[in-house]
Amino acid sequence: MAEDTARRCALVCVTGCIAAYKACELVRLLQKGGLRVKVLMSEHATHFVDPLTFRALTHEPVAVGLFDDPSDPIHHISLAQEADIVLVAPGTANIIAKMANGIADDLISTTLLATTAPILVAPAMNVNMWRAAATQENIATLIRRGIEIVSPGVGYLACGDVAEGRLADPADIAERAFAVLDSSDLLTGKRIVITAGPTHEPIDSVRYIANRSSGKMGCALARAAQRMGADVALVLGPCQASVPAGVKVIKVETAAEMLEATVAAFEGASMAICAAAVADYTPKAPANRKLKKGLDKLDTIELTQTADILASLSERKGDRIVIGFAAETGDAVDYGQSKLARKGCDAIVANDVSRADSGFGSDTDKAWLITRTGVEELPVLSKDELAREILLRTLRLMGK
Ligand code: CTP
């Protein structure tokens, strides 16, 4: 028994959905990976799978009601504290809505609110329920708070549709759970500076030069670094990307402001990642009023080059790690290699923004990690997955 409690504990919360039966396989996979598994079920989930099934699989009591354990009146708190990771699989629209709104009215929702362990949600529901604005907004809220979502796949749904909403493969859910557990303290004690988004370079008091950067990649990196335990400072240009909760955000407008904020934040940091699409040129003499067509010369704007933030950080980095990005339209690896040499950083993540599955605004990316020792090609990944891969591979490459 002593050895058992020494093992890491996964709490699997099964909510009311036909895919509840797939949680049995998930439990097995987590156990095979060396975890001790405890299962909580919602009242509705017990209509699909008998608690006895999970009890037999885990050799642990299966809790359903808040007051099921007469020996422990605050069962939800003990469960929340015992868990090294909490999985919600399958996760219904209802539990997702409760989580997003902090509702705690049964054992699962109360435990989820009380835990400080990483939480992973694998949603499963009817396609329209999944696509409903309320569900999508709730999912965005959970992502912003650092909760890991294993997106549902397309497949045969209980309602007869073949569409999005099907629980992700239990093997994929288990793999993500192990990835979260294995990387949860890799960056503990490290401060990381990340630049993200575009910059706005003023022409006059109402017009500016900008680019199409969404800021999503930098925010995904901030989220991944924070999940690995880092203390993250995100220097963010003007954009709509969801900023992860708990990350220190320094909002800037121009390339000059981004340079100043990033260099200041880099003092005392151990790593910097420049994911921002910084404007290369800025108007030489922006007007502090609105320029007028008839009165002012608007057909030519004189520009001056901005400072290169990545190169500035690389110059002062010492043995700290500095990573840059190269967003290219073709020949991403060649351009990436020359940027690595020109900017003096440790690695460049090159991606081809001309592809439909990569680049500005896209939710996925095809990238190559380029260092002085070689080029690693990565598969098409979601920005969250790519962010984690970049951090893991860079740490590995640097022998940290
Ligand atoms: N970068 C930066 N400061 C700048 C310009 C770029 O920190 N003034 C960083 C970006 O954040 C990115 C890397 O440099 O990490 C490459 O940016 P990119 O725009 O692809 O390259 P440029 O140096 O601008 O070269 P080019 O426009 O010729 O592709």
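A polar contact is a pair of N or O atoms within 3.5 Å; within protein, one atom must be able to donate a hydrogen and the other to accept it, and residues adjacent in sequence count only if both atoms are side-chain atoms. A backbone N or O atom of F325 lies 2.8 Å from an oxygen atom of the ligand. The structure is a predicted model, in which local features need pLDDT of at least 70 and side-chain atom pairs count only at pLDDT 80 or more, while totals for chains, interfaces and linings use all residues. Residues are numbered from 1 along each chain as its sequence is written, and side-chain values use heavy atoms, with hydrogens and water left out.

**Ligand surroundings**

- The ligand is surrounded by 16 residues (near meaning that a heavy atom of the residue lies within 4 Å).
- The closest of these residues are C274, A276, F325, K339 and K343.
- D280 places a polar side-chain atom 2.8 Å from an oxygen atom of the ligand.
- At I309, a polar backbone atom is 3.0 Å from a nitrogen atom of the ligand.

**Domain arrangement**

- The domain assignment gives domain 1 (8–182) and domain 2 (191–397); such bounds come from an automatic or database assignment.
- The centres of domain 1 and domain 2, taken over C-alpha atoms, are separated by 35 Å.
- Domain 1 and domain 2 each contribute 9 residues to the contact, where contact means heavy atoms within 4.5 Å.
- About 710 Å² is buried between domain 1 and domain 2, and 44% of it is on carbon and sulfur atoms; buried area is the accessible area (1.4 Å probe) that two parts lose on being put together, summed over both.
- In domain 1, the residues that lose the most area to domain 2 are I143, R144 and E148, which together account for 57% of what that side buries.

**Polar and charged links between the domains**

- Between domain 1 and domain 2 there are 3 salt bridges, each a side-chain nitrogen of Lys or Arg within 4 Å of a carboxyl oxygen of Asp or Glu.
- R176 and E385 form a salt bridge through their side chains, at 3.7 Å from N to O.
- Polar contact joins 4 residue pairs between domain 1 and domain 2, both residues being at pLDDT 80 or more.
- On the side of domain 1 that touches domain 2, α8 (133–144) and α9 (170–183) each supply at least two residues; helices (H or I, at least four residues) and strands (E, at least two) are DSSP runs, numbered from the N terminus.
- The largest share of that side of domain 1, 3 residues, comes from α9.

**Side-chain links elsewhere**

- The structure holds 24 salt bridges.
- The side chains of E82 and R36 meet in a salt bridge at 3.1 Å, N to O.
- This pair links distant parts of the chain, 46 residues apart, with E82 in helix α4 (residues 75–82) and R36 in strand β2 (residues 36–41).
- Q31, in helix α2 (residues 22–32), reaches the backbone oxygen of L57 with its side chain at 2.9 Å.
- Residues up to four places away in sequence aside, Q31 touches V37, L57 and T58.

**Backbone features**

- A89 and P90 are joined by a cis peptide bond, with omega about -5°.
- P90 belongs to strand β3 (residues 85–91).
- H59, a residue other than glycine, has a positive phi near 60°.
- H59 lies in the loop between α3 (51–58) and α4.
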